[in-house]
Amino acid sequence: MMQLTPATRPTFYFIGVTTGSSSIMRVFPKWAEYLNLGDVEIKGIDMVPHDTAENYRAVVDFLKTDPLSLGALVTTHKLDLYAACRDMFDVIDPHAALMAETSCLSKRDGKLICHAKDPISSGLALDGFLPTDHFAKTGAEVLSMGAGGSTIALTWHLMQASRGANRPSRIVVTNRSAPRLDHIREIHQQIGGDIPCDYVVAATPEENDRAMAGLKPGSLVINATGLGKDAPGSPLTFDGAFPQNGIVWELNYRGDLVFLDQARAQEGDRALQIEDGWTYFIHGWTQVIAEVFDIEIATSGPQFDEISRIAAEATGRTS
């Protein structure tokens, strides 16, 4: 059972795997000053991927009952924590209920609230770098490797009828095992979208290579597996061929990002647009901070630009 120490001042938590090496530990204090959040601190809670239900429940019970613990951002554990603790939440927002996950825990009037912020933050990040009307103009497809919370959120965003013709012509989701694929298939059925979706068990990088080989030119390839950050490696081999004129998105921004190295090796020959997870990191954190601290944070414009600049300066990021 996890042992957690009561907070001695207002505290915001990061529930992850290797939280101490995350840029947010350097960024948050600077953001807190800029956003006038007062005397607050951030603390990490490290848990192993697919941790025990007892540990997840211990963390949620601590957050719920400790007076100076304000809330948390959840990464990696979004699905597992929700499954273990659903009965402990006083309020579950509609996105969290649909996707059976939580990326944000906040408190209002003594109630613990479960949110899924990824559909918003991932959509903001994705639409920020996609060329205008990309899918409508190209008929491109999407391959997302990893069937966890990020892929659920991204595919939900891309399947929205409000996007009109600017939606993928096909979505392919791969995962090392079948249960997560069954889960995301159920969610897609609930959404009721008309985009063809394939769900592929890919236990090896070679199987992901084969899934990628069938994509149309211009297609979007996403590493949503956590490989390169939470665990070493890439979901692909160096022999896997990215789609011509494709867009490659590594959801991570730190770690041994082999997937990015693989894409860069083909960048010129295949005319790839390559993106890492930096802007996703900014949107993901600011959406949760806004919820936990009950403030408004811009998603574009001068305030967002300054928040991004502060983060880049705090981490030494140059591009």
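Reply:
**The pocket between the domains**

The second largest pocket lies between domain 1 (11-115 + 279-315) and domain 2 (120-275), because both give residues to its lining. The domain bounds come from an automatic or database domain assignment.

This is a predicted model, so local features need pLDDT of at least 70, side-chain atom pairs count only at pLDDT 80 or more, and totals for chains, interfaces and linings use all residues. Residues are numbered from 1 along each chain as its sequence is written, and side-chain values use heavy atoms, with hydrogens and water left out.

The second largest pocket has a volume of about 190 Å³. A pocket here is an open set of points on a 1 Å grid over the protein atoms alone, where a 1.4 Å probe fits, with protein on both sides within 12 Å along at least five of seven lines. Grid points are joined across faces, edges and corners, and the volume is the space filled by probe spheres set on the points.

The lining takes 14 residues. Lining residues have an atom within 4 Å of a point. L124, A125, G128, F129 and T279 lie nearest the centre of the pocket. Two elements give two or more residues each to this lining: α5 (118-129) and α11 (278-293). Helices (H or I, at least four residues) and strands (E, at least two) are DSSP runs, numbered from the N terminus. By class, the lining has 7 nonpolar, 5 polar and 2 charged residues. Ala, Val, Leu, Ile, Met, Phe, Trp, Tyr, Cys and Pro count as nonpolar, Asp, Glu, Lys and Arg as charged, and the others, Gly among them, as polar.

Now the two domains themselves. Their C-alpha centres lie 25 Å apart. The contact (heavy atoms within 4.5 Å) takes 23 residues from domain 1 and 23 residues from domain 2. Together the domains bury about 1900 Å², 63% of it on carbon and sulfur atoms. Buried area is the accessible area (1.4 Å probe) that two parts lose on being put together, summed over both. In domain 1, L98, M99 and Y280 lose the most area to domain 2, together 35% of what that side buries.

Next, the loop with A100. This residue sits between α4 (94-99) and β5. A100 has a positive phi of about 55°, although it is not a glycine.

Then the sheet. It is open, with 6 strands in the order β2-β1-β3-β5-β6-β4 and mixed pairing. Two strands pair if DSSP finds at least two bridges between them. The edge strands, β2 (41-46) and β4 (91-92), each pair on one side only. Strand β1 (residues 11-16) runs parallel to β2, joined by 6 bridges. Y13 has K43 as its bridge partner in β2. Strand β3 (residues 69-74) runs antiparallel to strand β5 (residues 104-108), with 3 bridges. There, A72 has L105 as its partner in β5.

β5 also runs antiparallel to strand β6 (residues 111-115), through 5 bridges. C104 has H115 as its bridge partner in β6. β5 and β6 form a hairpin with 2 residues between them. D109 is in that turn. Its phi is positive, about 50°, although D109 is not a glycine.
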